[in-house]
Amino acid sequence: MAIVDVQVPQFSESVSEGTLLTWKKKPGEAVSVDETLVEIETDKVVLEVPAPASGVLTEIGVADGSTVTSQQLLAKIDTEAKAGAAAPAAAAAPAAAATVAAAPAATGGNKGDVAMPAAAKILAEKGLTATDVAGSGKDGRVTKGDALAASAKPAAAPVVVPAAPAVAKPLPSVAAPGLQSLGDRPEQRVPMTRLRARIAERLLQSQATNAILTTFNEVNMAPVMELRKKFQDSFTKEHGTKLGFMSFFVKAAVHALKKYPVLNASVDGNDIVYHGYFDIGIAVGSPRGLVVPILRNADQMSFADIEKKIAEFGKKAQEGKLGIDEMSGGTFSISNGGTFGSMLSTPIINPPQSAILGVHATKDRAVVENGQIVIRPMNYLAMSYDHRIIDGREAVLGLVAMKDALEDPSRLLFDI
């Protein structure tokens, strides 16, 4: 017998732990090398754990929903066994999983008697056991949502799971964890994902530590739109990607940051760190929440490089494949709420950065030019900045520099 261990991948320095999601294989099933066995959610990305070798998954030692750390042992693979041959060893897997959810309520004989770690803690505080709650997790395990829902009910009327007969019957399926039936006013309570909790933590950190102020300006997007329309076909043919608006905003931002370096700086204790490079974070929506991948050395990137990279980021975000290294760092960020139709907003700084540009929807509006009312495609820009190190003068002039570069893109060519 040749046993190979399956371990948690090495996390980056900024990630201390993760949550094991759902196993894609069961003990006794055959696996192929590099086949995804399970996914681990961190506060930044979802990591896939591949099989290190082909064989049979003989043992799973960590249950779904458990907290794991770098290099922790997750399972074992027998490289010489055949599928089905590991069935006896598979029987030990539920016991191992129950050990992870260490709690008095997790000692029952049915899988439905097992409570997840967070759920076991809540039940213990409320004087309940896992056998008092109908679990909605895998194999009937009690989730945090089940525990919260049960603890919200009067103690005299707990949800009781009947003792299992000689032949265990499957527990009734539950539509969604934490769902409470309240007639025509239902509620659903679900725990935050690690990413959502991390977003909340960083936003509160930003508001608590930064002296955030926002300055606004309006931009006539006609010159950019005309330039884009004129060269779209040849650009697409030459580079294999469409010419969008974000590359113009990135170029305009870098143009302004070079003129006013403090907008590209960050605070470290009592020091101001002026960065000699331009790593621009691009806020991207994903099914798991907002993520901000980084365009490294954006000042050295062409329009085509920027468009290709942003398209790559968008695809990876939707597939949950962004790497931790792709979202680490950054000296300035751009958030494009206009994608969703936003007219105006006050973006929150992404710490430890000191400024962020908010881009909005371009709409035809009535404006005054040379004493005449004319219709122009206008975009409202908003730049939030940390007033501890950035004075109003630099912030306003920096945003004006972006406005000027967008209204006359030739400035980008001559760097004026």
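Q: Where is proline 352 found in this predicted model, and what makes the peptide bond from proline 351 to proline 352 cis?
A: In this predicted model, proline 352 sits in the loop between strand S18 (332-336) and strand S19 (355-359). The peptide bond that leads from proline 351 to proline 352 has an omega near 10° and is cis, whereas most peptide bonds are trans.

Q: What is the phi of aspartate 34, and where is the place of this residue?
A: Aspartate 34, which is not a glycine, has a positive phi of about 70°, and its place is in the loop between strand S3 (30-31) and strand S4 (36-41). Most residues other than glycine have a negative phi.

Q: Why are H7 and H9 called oblique to each other?
A: The axes of helix H7 (residues 246-259) and helix H9 (residues 392-407) cross at roughly 135° and come within 8 Å. Angles over 145 degrees count as roughly antiparallel and those from 65 to 115 as roughly perpendicular, and H7 and H9 are therefore oblique.

Q: Which residues make the contact of H7 with H9, and how many of them are nonpolar, polar or charged?
A: On H7 the contact is made by Phe248, Phe249, Ala252, Ala253, His255, Ala256 and Lys259, and on H9 by Gly398, Ala401, Met402, Ala405 and Leu406. By class, the contact has 9 nonpolar, 2 polar and 1 charged residues.

Q: How do you know that arginine 228 lies over the face of phenylalanine 245?
A: Arginine 228 is at 4.4 Å from the ring centre of phenylalanine 245, and the cut-off for a charge over a ring is within 6 Å, together with a position within 35 degrees of the ring normal. Arginine 228 is accordingly described as lying over the face of phenylalanine 245.

Note on methods
Residues numbered from 1 in each chain as written. Predicted model: local features only at pLDDT ≥ 70, side-chain atom pairs only at ≥ 80, totals over all residues. Heavy atoms only, no water. Axes fitted to C-alpha atoms, helices over the stretch in contact; angles between N-to-C directions. Helix = DSSP H or I, 4+ residues; strand = E, 2+ residues; numbered from the N terminus. Parallel < 35°, antiparallel > 145°, perpendicular 65-115°, else oblique. Contact = heavy atoms within 4.5 Å. Nonpolar A, V, L, I, M, F, W, Y, C, P; charged D, E, K, R; others polar.
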